[in-house]
Amino acid sequence: ILVLLRLSTAEHPKRAQPDPDLEPLIGPDRAPLRFVAGVGDSRAYLLRDNKIDQLTIDHSLAQALVEAGTITPEEAKEHRFKNVLWKYLGSKEVGEGPDVKTLFVRPGDRILLCSDGLCGVVADERVAQGMLEHQETQSCAEALCQLALDLGSRDNVSCIVIDVVEG
């Protein structure tokens with residue numbers, strides 16, 4: 001489960017002027033503040049300046065082993081517990097809430113929200129390539145889903161592509 005939230009005081013219906021108390025929440029160069037929240041093994045990515053960054057962390061047992069230093073990130077990709085989740089919607093561990101990351105976006109950024117049906121079979125570099133090849137968001141999302149299916153994904157494949165624009 002992924003959520004992309006935004007904070008924009010000027011757009012709040014009860015507040016015509018930005019709230020000075022929220023000024024520290026505006027990023028460098030007045031970049032809008034966004035929050036990415038995730039739980040489970042769906043992912044959010046940021047494509048900026050032709051470079052892709054994974055914004056969320058999988059809540060799989062394999063990832064927990066990586067964080068504990070037991071296995072490497074490369075070993076986690078093929079580990080037998082890569083699809084076994086320890087934190088997911090409905091688990092008692094989610095009572096701690098989802099992982100939330102602060103993100104300052106700027107025009108030209110592209111954000112991908114996707115299920116593990118995509119990120120489980122398509123390497124990040126190939127995801128970035130697909131995001132760069134398709135300018136229109138809908139065709140980009142469809143192409144990424146088709147790529148995952150062509151590579152043999154056996155899980156549900158869902159993609160949402162968001163372009164950050166001026167204004």
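Modeller: Let's begin with the elements: helices (H or I, at least four residues) and strands (E, at least two) are DSSP runs, numbered from the N terminus. K101, for instance, lies in strand 5. The model is predicted, so local features need pLDDT of at least 70 and side-chain atom pairs count only at pLDDT 80 or more, while totals for chains, interfaces and linings use all residues. Residues are numbered from 1 along each chain as its sequence is written, and side-chain values use heavy atoms, with hydrogens and water left out.

Colleague: Why is K101 called partly exposed?

Modeller: Its relative accessible area is 38%. Buried means under 20%, exposed means over 50%, and partly exposed is in between (1.4 Å probe, protein chains only), so K101 falls into the middle class.

Colleague: What does K101 touch?

Modeller: Leaving aside residues up to four places away in sequence, K101 touches R34, F35, V36 and L55; contact here means heavy atoms within 4.5 Å. R34 is 67 residues from K101 along the chain, and their C-alpha atoms are separated by 8.4 Å.

Colleague: How do you know that strand 3 and strand 6 pair?

Modeller: Two strands pair if DSSP finds at least two bridges between them. Strand 3 (residues 43–48) and strand 6 (residues 110–114) have 5 bridges, in the antiparallel sense, so they qualify. Within this pair, L46 stands opposite I111 in strand 6. Helix 5 (residues 137–150) packs on the sheet and touches strand 6 and strand 7.

Colleague: And what is the order of the sheet?

Modeller: The open sheet of 4 strands runs 4-3-6-7, with antiparallel pairing.

Colleague: What makes strand 4 and strand 7 edge strands?

Modeller: Strand 4 (51–54) and strand 7 (159–163) each pair on one side only.

Colleague: Now the charges. What makes D124 and R43 a salt bridge?

Modeller: The rule asks for a side-chain nitrogen of Lys or Arg within 4 Å of a carboxyl oxygen of Asp or Glu. D124 and R43 come to 3.9 Å, N to O, so the pair passes. This pair links distant parts of the chain, 81 residues apart: D124 is in helix 4 (residues 124–133) and R43 is in strand 3. R43 and D124 also belong to a network of salt bridges with D58.

Colleague: Are R43 and D124 buried or partly exposed?

Modeller: One of each: R43 is buried at 14% relative accessible area, whereas D124 is partly exposed at 23%.

Colleague: How many salt bridges does a search of the whole structure find?

Modeller: The search finds 7. Among them is R48 with D109, the closest N and O atoms being 2.5 Å apart. R48 sits in strand 3 and D109 in the loop between strand 5 and strand 6, 61 residues apart.

Colleague: Why does D109 count as buried?

Modeller: D109 has 1% relative accessibility, which is under the limit for buried, so the label holds.

Colleague: Which side chain meets D163 in a salt bridge?

Modeller: That is R110, at 2.5 Å, N to O. D163 in strand 7 and R110 in strand 6 are 53 residues apart. R110 counts as buried at 5% relative accessibility, and D163 as partly exposed at 33%.

Conventions. Axes are lines fitted to C-alpha atoms, for helices over the stretch in contact, and angles run from 0 to 180 degrees between N-to-C directions.
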